[in-house]
Amino acid sequence: MKTKLLALALVGLFSINSAIAQEQGDFRAGLGIVLGTKAGVDDDGSSKMGFGLSPSIEYLITDVISGAASYDWYFKSDVGGTDVSISSFNIEGRYYFMTDDTQVYGVAGLGIVKAKIGDFSDSETGLNIGAGANFPLSDVLGANAELKYQTAGDGQLAIKAGVFYTFGN
């Protein structure tokens, strides 16, 4: 029964065909999952892939230019009984190349990566560059995917997928 209800809900959600109107002054809030190619730590202390959560906000300055902020919080790793956590705060600009049904954008900005190993913590600032796309699910709800390279720390590729809600439509 639960499977049928879930399938029905997903079909209903994805059958909505209206586009998200993107206009100057709109504000978006989102939540996604993120995979960082070097956001986890193996038992021997070397980098590995790590998963986490990524809340974000975006403000459309014009119909094609926006400012965005996100916080990538990666799940902790345990190395010999010591907790290791990595997070990244990102402030970026986006330029939308396509603003129709699928909204494709380029992204560039700054990222501050923080690593905490037990009681010790360190941070480093670097550049972010990448691309992403927004896919409409309704007039105000959408899904997004993003791929970017972050130079801070040892540098890593961050792959994100999530949903967002648009205020101001």
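Is F167 buried, partly exposed or exposed? With a relative accessible area of 39%, F167 is partly exposed; buried means under 20% relative accessible area, exposed over 50%, and partly exposed in between, using a 1.4 Å probe and protein chains only.

## About the model

This is a predicted model, in which local features need pLDDT of at least 70, side-chain atom pairs count only at pLDDT 80 or more, and totals for chains, interfaces and linings use all residues. Residues are numbered from 1 along each chain as its sequence is written, and side-chain values use heavy atoms, leaving out hydrogens and water.

## Aromatic partners

Let's look at the rings. The whole structure has five aromatic pairs: rings of Phe, Tyr and Trp (its six-membered ring) with centres within 6.5 Å, called stacked when the planes are under 30 degrees apart, edge-to-face over 60 and tilted for the rest. F27 and F167 have ring centres 5.6 Å apart and planes at 40°, so their pair is tilted. F27 belongs to strand β1 and F167 to strand β9, so this pair ties together parts 140 residues apart in sequence; strands are DSSP runs (E, at least two residues), numbered from the N terminus.

Like F167, which is partly exposed, F27 is partly exposed, at 32% relative accessible area. Ring pairs also link F27, Y165 and F167 into a cluster.

## A buried pair

Where else do rings meet? Y96 and Y105 make a tilted aromatic pair, 5.2 Å from centre to centre with 55° between the planes. Both Y96 and Y105 are buried.

Notes: Helix = DSSP H or I, 4+ residues; strand = E, 2+ residues; numbered from the N terminus.
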